[in-house]
Amino acid sequence: MKKIFCVLALSSLLLFGGCDAAEMSSLREISRPYACEYKCTKLLFGGEDVLGKLSFLKLALDGSGKFSLDYADTFGKKGGYSGEYEMKGERVVFTAKAGGKMRNFEFSYEDGAIVMRLPLGGRLIYAEFRAL
């Protein structure tokens with residue numbers, strides 16, 4: 001019943017709202033299916049699997065454009081980062097403070113997973129985050 005009401009309400013807005021569908025945001029932007037919590041399922045540093053050195057590594061995207069990345073290592077040390085994000089098609093752009101200044105990091109959004117590739121010290125960090 002709730003779905004029918006939502007469809008009728010959206011249809012009414014399209015018909016009587018004075019705008020056309022081409023001017024509206026995409027359904028993906030309205031529903032924000034990517035706004036959820038993700039768990040790191042693969043973590044490589046220079047080709048070496050290092051996921052086992054962490055108790056957890058998770059990424060949360062909320063519906064208002066804020067993100068948090070939280071982790072804990074196997075010794076109990078916890079940490080994290082937070083900032084803002086923006087979806088741009090099949091890419092996600094994170095803005096966060098790194099090295100004392102605000103920086104942008106752009107990664108791909110592939111098949112419902114956020115895939116990060118980031119060079120660090122001459123080696124590549126590769127991480128896959130999948131929705132919980």
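**View 1. Ala 113 stands opposite Arg 130 of strand S9.** This pair belongs to the antiparallel pairing of strand S8 (residues 113-120) with S9, which is joined by eight bridges. Strands pair here if DSSP finds at least two bridges between them. Strands are DSSP runs of E with at least two residues, helices are runs of H or I with at least four, and both are numbered from the N terminus. Two residues sit between the strands of this hairpin, and Gly 121 takes a positive phi near 60°. On its other pairing, S9 (residues 123-131) meets strand S1 (residues 37-45), again in the antiparallel sense, over seven bridges. There, Tyr 38 is the residue opposite Ala 131.

A word on what you are looking at: this is a predicted model, in which local features need pLDDT of at least 70 and side-chain atom pairs count only at pLDDT 80 or more, while totals for chains, interfaces and linings use all residues. Residues are numbered from 1 along each chain as its sequence is written, and side-chain values use heavy atoms, with hydrogens and water left out.

**View 2. The protein has two helices and nine strands.** Of its 132 residues, 24% count as buried; buried means under 20% relative accessible area, exposed over 50%, and partly exposed in between (1.4 Å probe, protein chains only). Contact means heavy atoms within 4.5 Å. Among contacts with a separation of 6 or more, 31% come from residues 24 or more positions apart.

**View 3. Phe 129 is a buried residue of strand S9.** Why does Phe 129 count as buried? Because its relative accessible area is 1%. Leaving out residues up to four places away in sequence, Phe 129 touches several residues, including Tyr 38, Cys 40, Leu 57, Leu 69, Ile 114 and Met 116. Leu 43 is 86 residues away from Phe 129 along the chain, yet their C-alpha atoms are separated by 9.1 Å.

**View 4. Asp 73 is buried but has no salt bridge.** A salt bridge needs a side-chain nitrogen of Lys or Arg within 4 Å of a carboxyl oxygen of Asp or Glu. For Asp 73, a residue of strand S4 (residues 66-73), the nearest side chain of opposite charge is Lys 77, 5.9 Å away. In assigning charge, Lys and Arg count as positive and Asp and Glu as negative, while His and the chain ends are not counted. Which backbone nitrogen lies 3.0 Å from a polar atom of the Asp 73 side chain? That of Gly 76. Beyond its neighbours within four places in sequence, Asp 73 is in contact with Lys 53, Leu 54 and Ser 55.

**View 5. Lys 66 and Glu 84 form a salt bridge.** Their closest N and O atoms are 3.2 Å apart. The pair links distant parts of the chain, with Lys 66 in strand S4 and Glu 84 in strand S5 (residues 78-88), 18 residues apart. Lys 66 is partly exposed because its relative accessible area is 41%, and Glu 84 counts as partly exposed at 44%.

**View 6. Arg 130 and Glu 128 form a salt bridge.** The closest N and O atoms of this pair are 3.7 Å apart.

**View 7. Glu 110 lies in strand S7 (residues 101-110), and Asp 111 in the loop between S7 and S8.** The Glu 110 side chain makes a polar contact with the side chain of Ser 108 at 2.6 Å. Such a contact is a pair of N or O atoms within 3.5 Å; within protein, one must be able to donate a hydrogen and the other to accept it, and residues adjacent in sequence count only if both atoms are side-chain atoms. Asp 111 has a positive phi near 50°. Most residues other than glycine have a negative phi. Asp 111 counts as exposed because its relative accessibility is 78%.
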